[in-house]
Amino acid sequence: QRTNPQIDSKQLYKGVADCLERVYREQGLMSFWRGNFSNVMRYFPGQALNFSLFDRLREKFLVKIPKSDFWHYFRMSLVVGGATGASS
């Protein structure tokens, strides 16, 4: 802001809160989401794959392990989560 001498000192933002308030007041709530649709559409299929694959791997590997055997269950949970993350 300060690099442009054409901006009047009354128009400068006084901080983050002032910036958010003025943008909301002048442009509305949707201005915060403008241009974010493509990011949401890119992110959604990967998360859907994560959730479905995690459930399937958990059914395959963790059902047979008793929860009383904490460390073995913990290790296999890490393996399942790592495999899910690596696949997506």
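Residues are numbered from 1 along each chain as its sequence is written, and side-chain values use heavy atoms, without hydrogens and water. As the model is predicted, local features need pLDDT of at least 70 and side-chain atom pairs pLDDT 80 or more, while totals for chains, interfaces and linings use all residues.

**Exercise 1.** Is Asp18 buried or exposed, and which residues is Asp18 in contact with beyond four places in sequence?

*Solution.* Start with the location: Asp18 sits in helix H1 (residues 16–27), helices being DSSP runs of H or I with at least four residues, numbered from the N terminus. Next, its relative accessibility is 18%, so Asp18 is buried (under 20%; exposed is over 50%, partly exposed in between, with a 1.4 Å probe and protein chains only). Finally, leaving aside neighbours within four places in sequence, Asp18 is in contact with Leu12 and Tyr13 (heavy atoms within 4.5 Å).

**Exercise 2.** Why does the pair of Phe70 and Trp71 count as edge-to-face, and why does the pair of Phe70 and Phe74 count as stacked?

*Solution.* Recall that an aromatic pair is described by the distance of the centres and the angle of the planes. Ring centres of Phe, Tyr and Trp (its six-membered ring) must lie within 6.5 Å; planes under 30 degrees apart are stacked, over 60 edge-to-face, the rest tilted. The whole structure has three such pairs. For Phe70 and Trp71, the centres are 4.9 Å apart and the planes at 75°, so this pair is edge-to-face. For Phe70 and Phe74, the values are 5.8 Å and 15°, so this pair is stacked. To finish, Phe70, Trp71 and Phe74 form one aromatic cluster.

Definitions and conventions. Helices (H or I, at least four residues) and strands (E, at least two) are DSSP runs, numbered from the N terminus.
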